[in-house]
Amino acid sequence: MPDQETLERAHEDAREGKSPSTQAGEFVREEMHHVREGKHGAASTKQAIAIGFSKARRAGVKLQPPRNGKASAQTTKQANRDYKKGQSHSPRTPSATRSRATSEALKKEGHSAASHRSLSRQARASAKKRTAAARHESAVRAVRTRRKRS
């Protein structure tokens, strides 16, 4: 379960009309803190980010699952499941046994996945995959939504 503070920050982003990926960023940020402080580890930076996205979807952030061909079928299926879970407000509590098993498995992983260096490497690798047009489009959008200087 995400921290109350993280949920509040994500809700604030939603109220301000920020994109679902920005809202999900709060959950990814929380996940990085958990890995850094030793609450659990992660096999890779990608895994830590994926855990954050999963938490965001389950918390009700309208973050769409990856499009066909962008991720494995298993990942897409799980993302769809998380998304549906977040959009339906079922009162079911998670299985304690499964939660404990997940936590125990993550505790055996390393903590370097959230290091400054590995996050930087991940960001650069992701940026390299994007086209010049895609980068330009997001830069234009950033300028449009940037706060005006007084």
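This is a predicted model: local features need pLDDT of at least 70, side-chain atom pairs count only at pLDDT 80 or more; totals for chains, interfaces and linings use all residues.
Not counting residues up to four places away in sequence, Lys55 touches Phe27, Glu30, Glu31 and His34. Lys55 itself is found in helix 3, which comprises residues 45-58. Asp82 is one of the buried residues of helix 4.

The secondary structure of the protein chain comes to 7 helices and 0 strands, and the pattern read along the sequence is accordingly α-α-α-α-α-α-α. The C-alpha trace spans about 50 × 35 × 35 Å along its principal axes. Of the 150 residues of the chain, 25% count as buried. Among contacts in the chain with a separation of 6 or more, 59% are accounted for by residues 24 or more positions apart.

Helix 1 covers residues 4-15. With 12 residues at 1.5 Å a residue, helix 1 should span 16 Å, and the distance of 16 Å between its end C-alpha atoms agrees with this expectation. The buried residues of helix 1 are Thr6, Leu7, Ala10 and Asp13. Seen down the axis of helix 1, these buried residues fall within an arc of 120°, so they line one face of the helix. The face turned away from the buried side carries the exposed residues Gln4, Glu5 and Arg15. Helix 2 is included in what covers the buried residues of helix 1. Just after helix 1, Gly17 takes a positive phi of about 80°.

Within helix 1, Thr6 may be considered individually. Thr6 has a relative accessibility of 2% and therefore counts as buried, the cut-off being under 20%. When its neighbours within four places in sequence are left aside, Thr6 is in contact with Glu26, Phe27 and Glu30. Two of these residues, Phe27 and Glu30, are also touched by Lys55 of helix 3. Helix 2 extends over residues 20-37.

The loop between helix 2 and helix 3 contains His40. At 9% relative accessibility, His40 counts as buried, because this value is under 20%. Leaving aside neighbours within four places in sequence, the contacts of His40 are with Glu31, His34, Val35, Leu106, Lys107 and His111.

The packing of helix 3 against helix 6 was examined next. Two packed helices are described by the angle between their axes and the distance between the axes. The axes of helix 3 and helix 6 (residues 116-129) come within 9 Å and cross at roughly 80°. Angles of 65 to 115 degrees count as roughly perpendicular, and helix 3 and helix 6 are therefore roughly perpendicular to each other. Thr45, Lys46 and Ile49 make the contact on the side of helix 3, whereas Ser118, Leu119, Gln122 and Lys129 make it on the side of helix 6. By residue class, this contact divides into 2 nonpolar, 3 polar and 2 charged residues.

Between helix 3 and helix 4 lies a loop in which Arg67 has its place. Arg67 has a relative accessibility of 63% and so counts as exposed, the cut-off being over 50%. Arg67 and Lys18 are 49 residues apart in sequence, and their C-alpha atoms are 21 Å apart in space.

Helix 4 (residues 73-87) contains 15 residues and, at 1.5 Å a residue, should span 21 Å; its end C-alpha atoms are 21 Å apart, in agreement with that value. Its buried residues are Thr76, Ala79, Asp82, Tyr83 and Gly86. These residues cover an arc of only 125° around the axis, which puts them on the same side of helix 4. Ala73, Gln74, Lys77 and Lys84 are exposed and are carried by the face turned away from the buried side. What covers the buried residues of helix 4 includes helix 3, the helix in which Lys55 is found.

Technical notes. Residues are numbered from 1 along each chain as its sequence is written. Side-chain values use heavy atoms; hydrogens and water are left out. Helices (H or I, at least four residues) and strands (E, at least two) are DSSP runs, numbered from the N terminus. The expected span of a helix is 1.5 Å times one less than its number of residues. Buried means under 20% relative accessible area, exposed over 50%, partly exposed in between (1.4 Å probe, protein chains only). The arc is that of the directions from the helix axis to the C-beta atoms. Contact means heavy atoms within 4.5 Å. Axes are lines fitted to C-alpha atoms, for helices over the stretch in contact, and angles run from 0 to 180 degrees between N-to-C directions. Angles under 35 degrees count as roughly parallel, over 145 as roughly antiparallel, 65 to 115 as roughly perpendicular and the rest as oblique. Ala, Val, Leu, Ile, Met, Phe, Trp, Tyr, Cys and Pro count as nonpolar, Asp, Glu, Lys and Arg as charged, and the others, Gly among them, as polar.
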